[in-house]
Each structure stands twice: as C-alpha cells, then as structure tokens.
Amino acid sequence: MAGRMAIPKKISAMSGAASQLRAIVADMENGAFLGGEGELQQTLGVSRTTLRQVARLLEREGLLTVKRGNNGGYYACRPSFASIEAGLTAYLEILDVGIGELLAMASITWSESIRQAAGLRNDDARAFSRKLGKTVRSVDPNIPYRELIKIEQGIRSALFELIDSPYLELIFQVNIQFAARQFEGPGQIPAEPEDHAIFVAAWRGAKLLELEAIALGDKDLGNLAAERTRRVWGSMMMPAAPSKLQS
C-alpha cells in the first residue's frame with residue numbers, strides 16, 4: 001500500500017513544479033535567464049531528477065530552453081505561431097478532419113471576433129471601420145483572387161489586433177490555413193471572370209456590413225454580417241473541395 005501511495009505523490013510534485021515553472025516563464029521575456037539548476041531546484045522545491053523531468057516537459061511545450069555546459073542554464077522561451085500551427089495542422093492531418101468541420105470552426109471563431117469588435121464601441125473601433133471601409137470600397141471588381149486574399153488577410157490581422165485576442169486568432173488561423181491547403185493546385189478555385197466578379201461583389205458587401213456593425217457597435221448586426229461572410233466564402237470553397245473532404 002505504501003508503495004502505491006508514493007506514485008501519485010511523485011506525479012503531484014512534478015505537476016506542481018511544472019505549473020509553477022510555467023507561471024515563472026509567463027512573467028519573463030523571451031530568452032530571459034531563469035537561473036541555473038541549483039537555483040531552480042530551490043525556487044521550485046524539488047529534486048534534481050524532478051527538475052530535469054519538468055524541464056524536458058516544458059522544452060517539448062516550447063516554453064523552455066536548456067543550455068548545457070559551464071555557462072549553461074534555463075531560459076524562458078515563447079513558442080512561435082508557426083511552430084504551434086505546424087503541430088496542430090499535423091494533428092488535424094492525422095485526424096483526417098473534413099473541410100466542412102474546418103470551415104465551420106473558422107466561421108464560429110470569426111463570428112465571435114466580429115461580435116467582440118462590435119462590442120468595443122470606442123474610437124479605435126470606429127477608426128478601424130473607416131480605414132478598412134475605404135480599402136474595401138476601392139477593390140477593383142476584377143482584382144485577381146490571390147490579391148483579394150492578401151487584402152482579406154490584412155483585414156483579419158487588423159481585426160485580431162483591434163480586439164487583442166491572440167487565442168481567437170490562433171484558432172481561426174489554424175482552421176482556415178489547414179482548410180486552404182485542400183485547395184492547392186490548378187482548378188480548385190473558380191476562375192470564370194463572371195463568377196469571380198460576382199464573388200468579389202458579394203465579398204465587398206459582406207465586409208462593408210461587418211465594418212458597419214463595428215462602427216455602430218451593434219453585436220446583432222455583427223452576427224448577421226459574419227453569417228453573410230460565411231455564406232460568401234462557403235459558396236466558393238465548398239463546391240471546389242475534394243469529395244473525400246466533404247462533411
């Protein structure tokens with residue numbers, strides 16, 4: 001019985017030390033020196049073995065860098081968006097996630113982002129709406145698709161910066177970027193001039209409605225605008241999706 005009780009105690013000590021070290025890292029700048037092995041042992045109140053186990057765990061999480069040698073030690077680290085996206089998209093690949101699921105999750109995240117922006121009701125939100133409104137209205141109806149995507153990405157980045165929500169941005173970007181992978185290659189995106197002009201017009205209308213909701217501080221209108229945007233992109237992407245990814 002005593003032997004069985006020792007296992008959860010050891011796991012608890014490691015889990016507690018890991019949580020404490022994550023909190024320390026969160027308060028430090030990227031690359032900041034946290035201390036040597038002896039210092040961290042005292043700070044966390046754990047054995048050398050437990051500290052090294054915790055260090056390996058946080059290294060895998062991208063939160064810690066351990067440098068060996070005489071001038072070595074433990075350093076705070078911040079995982080990059082690219083590394084997080086790569087890991088998550090690789091896992092999505094393993095799960096064989098359908099394009100419908102990806103677009104649905106991106107839509108939910110985007111709707112919440114528009115709602116948050118509309119809920120700000122401040123000068124920054126109104127200035128954002130005015131500035132981006134000029135950009136959207138100036139888009140040529142015959143703009144190449146790839147150029148339109150660049151404008152859309154710029155609007156998305158500006159919106160996430162406005163609402164200051166790295167979490168929503170991460171979830172949205174992972175889903176939309178992975179979905180976009182399914183359309184690589186010739187013939188995946190409609191290229192008929194008439195269809196493209198219709199799409200651009202629909203896109204412009206949806207964007208202007210989103211920006212109006214943000215300028216007015218109207219969350220309900222924001223919901224309607226985000227839903228309209230979802231339909232615009234969905235109508236273009238879903239018919240072009242490979243049949244095995246339909247859901």
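Start by selecting Thr65: its bridge partner in β3 is Tyr75. This is a predicted model, where local features need pLDDT of at least 70, side-chain atom pairs count only at pLDDT 80 or more, and totals for chains, interfaces and linings use all residues. Residues are numbered from 1 along each chain as its sequence is written, and side-chain values use heavy atoms, leaving out hydrogens and water.

Now widen the selection to residues 64-67, strand β2, which pairs with β3 in the antiparallel sense over four bridges. (Strands are DSSP runs of E, at least two residues; helices are H or I, at least four, all numbered from the N terminus. Pairing takes at least two DSSP bridges.) Five residues lie between the two strands in this hairpin, and Gly69 there takes a positive phi near 100°.

On the β1 side, pick residues 33-35: β1 pairs with β3 (residues 73-76), again antiparallel, over two bridges. Gly35 stands opposite Tyr74.

Next, show α2 (residues 37-44) and α3 (residues 48-60), whose axes (lines fitted to C-alpha atoms over the stretch in contact, with angles from 0 to 180 degrees between N-to-C directions) come within 10 Å and cross at roughly 95°. They are therefore roughly perpendicular (65 to 115 degrees). For the contact (heavy atoms within 4.5 Å), select Glu37, Leu40, Gln41 and Leu44 of α2 with Arg48, Leu51 and Arg52 of α3.

Finally, color by pLDDT, the predictor's confidence in each residue from 0 to 100. The protein averages 84. Residues 240-247 fall below 50, with 16 contacts beyond near neighbours in sequence.

How values were computed
Parallel < 35°, antiparallel > 145°, perpendicular 65-115°, else oblique.
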